[in-house]
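Let's take a friendly walk through a metal site and the ligand beside it. Have the model open as you read.

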Amino acid sequence: MIAKDFVAEHNAACAVDHAHDYDALGRQLARRGFDIERIAERVACFRVALPSWAVGTGGTRFARFPGPGEPRDVFDKLDDCAMIHRLTGATNEISLHFPWDTPDDPVALRARASHLGLGFSAVNSNTFQDQPGQKLSYKFGSLCHTDAAVRAQAIAHNLDCIRLGEALGSNAITVWIGDGANFPGQQHTARAFERYLASAAEIYAALPGDWTMLIEHKMYEPAFYATVIQDWGSSLMAAQALGPKARCLVDLGHHAPNVNIEMIVARLIHAGRLGGFHFNDSRYGDDDLDTASINPYRLFLIFNELIDADWRGAANPGLAHMLDQSHNVTDPVESLISSTIELQRALAQALLVDRDALAALQNGNDALMASQSLKAAFVTDVSPIVARAREMNGAALDPLGAYRHSGYRAACAAARPAKGGGGGGIV
Ligand code: LRH
Ligand code: MN
């Protein structure tokens, strides 16, 4: 649908300015003791998986306003993800959600993905909705339900997701459940957690050797009084109870406003149980806004903890970086491109912290200069580094400019007849 060399064509137009800006920043960073090319190489290795459920326009419980060229099925979603990877060079995996993306033929889906240069990150189970024809309802929970038959149904669904994920070449399952209560007294707080552990243990037992089970905590919604896996403490306790293949996934939007998420990240790293992220941004609740669109300093501070762990040799291996957003008013492809760029930016900034100097300032309790040394990295405009990293991966220097130049959305609008769907709901 799109000219083969549209990226090269667009890069040619901005190559001279890019080279000029890169050299200038390189000289400034050399004065600060950093080798810009080495930083760019580190950023070029960064990968983040795309959420299949966010490639189409998202919505709220009030309404969803589909845009032109909405993906009709998981194959269209693969095409859109391949376009994002072509432009960013950093999104070669897609995280599927079952049954929203359950393929008729997993082999064909896997073949199509690899043809597009894509693979499959963690798969997601769904026991927070009732599917047509489902025998037992999840209205009052799933893995924690008081009825053993409902728990068994939810466990069986997770095992199906693992088998499907195996067929697609994935090696992790993300288990997020909405189980909880809307009234004090409605649910036995301790027993609900015990039922969760027993159910999760059956899922854990079914994990193939090299698989990881990612436990995703969330403070509230759909339950509005208590959620069984409500916070990082509950998630960590569950992971430690289950075994070494169970790790904690941090969705940035799943915390109360102003919670110190970078501290939670540091604690999970200390426990050796940080498994990955669902990156997004928020101001109030689980707003699922574009990454770094509200609070870029918070994202930087999270990457600062990740890079500091590398520096002191405490990093948790094989982190699953994923985006999890809902694009209600933008072109989802553009939002996923800009969010990927913001992650590359936060990583590049975190690599510009002089950690030996910072440690000396911290040990000397020089609070102001310690804070300044972080700020100095954060306020550095690393755009030339992030562009260079994409150039190293054969991607676009200016992905959003190249995307608009490509006419991809118009081509999708022509190829994909609009379908209704103004109702509520995130997908
Ligand atoms: C829950 C959540 C979870 C997904 C869903 C789409 O709020 O973050 O990760 O299953 O969004
Ligand atoms: Mn999430």
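## Before we start

For sorting residues by class, Ala, Val, Leu, Ile, Met, Phe, Trp, Tyr, Cys and Pro count as nonpolar, Asp, Glu, Lys and Arg as charged, and the others, Gly among them, as polar. Please keep in mind that this is a predicted model.

## Around ligand 1

With those classes in hand, the shell around ligand 1 holds five charged, four nonpolar and three polar residues. There are 12 residues around ligand 1, and those that come nearest are His-97, Glu-216, Lys-218, Asp-251 and Asp-324.

Taken alone, ligand 1 exposes 300 Å², of which the protein buries 95%.

## The manganese ion

Now to ligand 2, a manganese ion coordinated by Glu-216 (OE), Asp-251 (OD), His-278 (ND1) and Asp-324 (OD) at 2.1 to 2.2 Å. Why is the arrangement octahedral? The six donor atoms around the manganese ion subtend angles of 72 to 172 degrees, which makes it so.

## Where the donors sit in the chain

Along the chain, the donors of the manganese ion are spaced as E-x34-D-x26-H-x45-D. Distant parts of the chain are linked by one pair: Glu-216 lies in strand E7 (residues 212-216) and His-278 in strand E10 (residues 274-279), 62 residues apart. Are these two buried or exposed? Glu-216 is buried, and His-278 is buried too.

Technical notes
Residues are numbered from 1 along each chain as its sequence is written. Chains are lettered from A and ligands numbered from 1 in the order in which they are written. This is a predicted model: local features need pLDDT of at least 70, side-chain atom pairs count only at pLDDT 80 or more; totals for chains, interfaces and linings use all residues. Side-chain values use heavy atoms; hydrogens and water are left out. Donors are N, O and S atoms within 2.8 Å of the metal (3.2 Å for Na, K and Ca); water is not among the atoms, so sites may look incomplete. Four donors count as tetrahedral if all angles lie between 85 and 135 degrees; four count as square planar and six as octahedral if opposite donors are over 155 degrees apart and all others between 65 and 115; anything else is irregular. Helices (H or I, at least four residues) and strands (E, at least two) are DSSP runs, numbered from the N terminus. Buried means under 20% relative accessible area, exposed over 50%, partly exposed in between (1.4 Å probe, protein chains only). A residue is near a molecule or strand if one of its heavy atoms lies within 4 Å of it. Accessible areas come from the Shrake-Rupley method with a 1.4 Å probe; for residues, only the protein chains shown count as cover.
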